[in-house]
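The points are numbered, and each may be read beside the sequence and the model.

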Amino acid sequence: MNDPSFKIQANHFCSDQHFDNLYPRSIQQLSSKHWTPIGVAVLASEFLAERPGSRILDIGSGIGKFCLAGARQYPDSHFYGVEQRKRLIQFAEKAQKRTGIENATFIHGNFTQLDFTLFDHFYFYNSFYENLVDEEFHIDESTDYSLSLYEYYTHYLFNVLTERPSGTRLVTYHGFREVIPPGYRLVESPQNILLRCWIRE
Ligand SMILES: C[S@@+](CC[C@H](N)C(=O)[O-])C[C@H]1O[C@@H](n2cnc3c(N)ncnc32)[C@H](O)[C@@H]1O
């Protein structure tokens, strides 16, 4: 471990507080409510990066925390994040640059614009929940929120997951019920009831 660049990376990933230091204070303040804890990201990516070359998509990747933590842990897999807020993509890319991680890619856009056949496995941290809650739980006011958007996104994700082939892996953190189609089997709840690992039969 004499490589100093490794030490810089390792420091950022040793706790949520250290990871938060990659971002400005306004983003740090959102951390406990909106970004996956490092320990959860490591457990989830252990399940998703099942073999070298796995392509893993975080649906609603925020400031890139899940992708960067997973990519650091599993350098032989590639972690993709799609995020509707451009500002958050910019923070993710800055953090990626600072940590020197190469096996992650951030895509600005709505997840409904993506071709899901390009990915093997999926991570989902209840991204549409923001449509159901009050202002104090919003990341910002840059996007529209509504019950109909929640229903539309949930239904859309349910349909694309239905079309994925046998062997597809999915990790959900927090809410999950409405997006899981029949045919996905719950195989693990490794940390607590909020983290669930599923495999398409
Ligand atoms: C709870 S945060 C999770 C962030 C990240 N996955 C993590 O675990 O740290 C959910 C993110 O999903 C994004 N999001 C919500 N709806 C989206 C959509 N339709 N397309 C793309 N991103 C979306 C939000 O902007 C927010 O950044």
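**Note on the structure**

1. Tyr129, Leu132 and Leu147 make a nonpolar surface patch of about 280 Å². The model under review is a predicted one.

2. How many aromatic pairs does the structure hold? The count is 16. One of them joins Tyr80 and Phe119, edge-to-face, at 5.2 Å centre to centre and with 65° between the planes. Tyr80 belongs to strand 2 (residues 78–83), while Phe119 belongs to the loop between strand 3 (104–108) and strand 4 (121–124), so this pair ties together parts that are 39 residues apart in sequence. Phe119 is buried, with a relative accessible area of 4%.

3. Two further aromatic features deserve attention. One aromatic cluster is formed by Phe111, Phe116, Phe122, Phe124, Phe128, Tyr152, Tyr153 and Tyr156. Elsewhere, the ring of Phe47 has the charged end of Arg169 sitting over it, 4.6 Å from the ring centre.

4. In soluble globular proteins, nonpolar side chains tend to be buried together. Here the largest nonpolar core has 38 residues, of which Tyr23, Phe66, Leu68 and Tyr123 touch the most other members. Two or more residues each come from helix 5 (38–48), helix 6 (65–73), helix 7 (86–99), strand 3, strand 5 (169–173) and strand 7 (195–200). Helix 5 contributes the most, with six residues.

5. Which residue has a positive phi although it is not a glycine? The residue is Asn126, with a phi of about 40°. Asn126 lies in the loop between strand 4 and helix 8. At a relative accessible area of 19%, Asn126 is buried, because the limit for that class is under 20%.

6. The structure holds seven salt bridges. One of these joins the side chains of Glu50 and Arg51, at 3.4 Å from N to O. Glu50 is partly exposed at 35% relative accessibility, and Arg51 is partly exposed at 39%.

7. A second salt bridge to inspect is that between Asp120 and Arg55, at 2.9 Å from N to O. This pair links distant parts of the chain, with Asp120 in the loop between strand 3 and strand 4 and Arg55 in strand 1 (residues 55–59), 65 residues apart. Asp120 is buried at 14% relative accessibility, whereas Arg55 is partly exposed at 30%.

8. The side chains of Glu130 and Arg85 also meet in a salt bridge, at 3.1 Å from N to O. Here too distant parts of the chain are linked: Glu130 is in the loop between strand 4 and helix 8, and Arg85 is in the loop between strand 2 and helix 7, 45 residues apart. Glu130 is buried at 11% relative accessible area, and Arg85 is buried at 4%. Through shared partners, salt bridges join Arg85, Arg87, Glu130 and Asp140 into one network.

Definitions and conventions. Residues are numbered from 1 along each chain as its sequence is written. This is a predicted model: local features need pLDDT of at least 70, side-chain atom pairs count only at pLDDT 80 or more; totals for chains, interfaces and linings use all residues. Side-chain values use heavy atoms; hydrogens and water are left out. Rings of Phe, Tyr and Trp (its six-membered ring) pair if their centres lie within 6.5 Å; planes under 30 degrees apart count as stacked, over 60 as edge-to-face and the rest as tilted. Helices (H or I, at least four residues) and strands (E, at least two) are DSSP runs, numbered from the N terminus. Buried means under 20% relative accessible area, exposed over 50%, partly exposed in between (1.4 Å probe, protein chains only). A charge sits over a ring if NZ of Lys or CZ of Arg is within 6 Å of the ring centre and within 35 degrees of the ring normal. Patches are made of residues with over 30% relative accessible area and no salt bridge: like charges are joined within 9 Å, nonpolar side chains (Val, Leu, Ile, Met, Phe, Trp, Tyr) within 5 Å. Accessible areas come from the Shrake-Rupley method with a 1.4 Å probe; for residues, only the protein chains shown count as cover. A salt bridge is a side-chain nitrogen of Lys or Arg within 4 Å of a carboxyl oxygen of Asp or Glu. A nonpolar core is a set of buried Ala, Val, Leu, Ile, Met, Phe, Trp, Tyr and Cys residues joined through side-chain atoms within 4.5 Å.
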